[in-house]
Amino acid sequence: MFQQLFKSIQEKVVLTPEEMELCKTFFIPKKLRKKQMLLQEGDICIYNAFVEKGILRSFSMDEKGNEHIVQFAIEGWWITDLSSFLTNSNSIYTIEALEDSELLLLTTEAREALMDKIPMFERYQRLLLQNAYIANQARINSALTETAEEKYTNLGNAYPGIVKRVPQHMIASYLGLTPETLSRVRKQITNRI
């Protein structure tokens, strides 16, 4: 169950076998069925979730009932409402499983204790936050400057294989496109191949 997590950690820092065993004791294994929610908008986010298997999405709803997907999390990725998780405030996002999924959950208290006991885990968390900030800036830049085709191509690079695993209307929502525009973009790309 911890294979993807330790792969992710070892890509950024080195833990001893003893530290890896200790690390396991701080996580709560959780299985979600497809369409099951990990977090509901308005609730306080009490978990930072690592995806061992499956795929999740984080989204908000506008006043017209339109979904706005802000993140997909595939195997080896983390997902949470970071603001709610760190500040104990109400979440503005819902997190839902798009496939049957296996997660490793970390509470705020467990995260703090784990960082105290294993200093390299704190470094790992810092590197994750640093990379998330960089990715967030790139996503904002993409939304402001890239064409629909560039957005779609970059999505495939960031999330390999996702277009086969996620419904197209959700891909369109993530990219800030209408489903019709996404369909045209996909057709243009296919016609060039």
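Me: Which residue in β7 does M37 stand opposite?
Reply: This is a predicted model, so take the pairings as computed ones. Strands β2 and β7 run antiparallel and are joined by 2 bridges. Across from M37, the residue in β7 is E96.

Me: What is the strand order in the open sheet of 4 strands?
Reply: Let's build it from the pairings. β2 is joined to β7, and β7 (residues 94-97) pairs in turn with β4 over 4 bridges, again antiparallel. β4 also pairs with β5, in the antiparallel sense. Put together, the order reads β2-β7-β4-β5.

Me: Which strands stand at the edges of that sheet, each with a single partner strand?
Reply: In the order β2-β7-β4-β5, look at the two ends. Each end strand has a single partner, so one side of it is left without a neighbour in the sheet. Those edge strands are β2 (37-39) and β5.

Me: Is strand β4 largely enclosed or largely open?
Reply: Count the buried residues, with buried meaning under 20% relative accessible area. In β4 (residues 56-61), 5 of the 6 residues pass that test, so the rest of the structure leaves this strand largely enclosed.

Me: Which residue takes a positive phi in the hairpin of β4 and β5?
Reply: β4 pairs with β5 (residues 67-73) over 6 bridges. The hairpin has 5 residues between the strands. A positive phi near 85 degrees turns up in this hairpin, at G65.

Me: Where does K35 lie, and is it buried or exposed?
Reply: K35 has a phi near 75 degrees, a positive value in a residue other than glycine. Its place is the loop between β1 (28-32) and β2. With 61% relative accessibility, K35 counts as exposed.

Me: And N88: buried or exposed?
Reply: N88 is another residue other than glycine with a positive phi, near 65 degrees. You'll find N88 in the loop between α3 (82-87) and β7. At 55% relative accessibility, N88 counts as exposed.

Me: How do α1 and α2 pack, and what is the handedness of their crossing?
Reply: Helix α1 (residues 3-10) and helix α2 (residues 17-24) have axes 12 Å apart and an angle of about 130 degrees. That makes α1 oblique to α2. At the contact, F6, I9 and Q10 of α1 meet M20, C23 and K24 of α2. The crossing is right-handed.

Me: Which feature does UniProt place at residues 30-116?
Reply: In the model, the span of residues 30-116 is 17% helix and 43% strand, and its end C-alpha atoms lie 24 Å apart. The UniProt entry is unreviewed, and the feature it gives for this span is "domain: Cyclic nucleotide-binding".

How values were computed: Residues numbered from 1 in each chain as written. Predicted model: local features only at pLDDT ≥ 70, side-chain atom pairs only at ≥ 80, totals over all residues. Heavy atoms only, no water. Buried < 20%, exposed > 50% of the residue type's maximum accessible area, 1.4 Å probe, protein only. Pairing = 2+ DSSP bridges. UniProt positions renumbered as here; feature names shortened; annotations may be inferred. Axes fitted to C-alpha atoms, helices over the stretch in contact; angles between N-to-C directions. Parallel < 35°, antiparallel > 145°, perpendicular 65-115°, else oblique. Left-handed = near helix turned anticlockwise from the far one by under 90°. Contact = heavy atoms within 4.5 Å.
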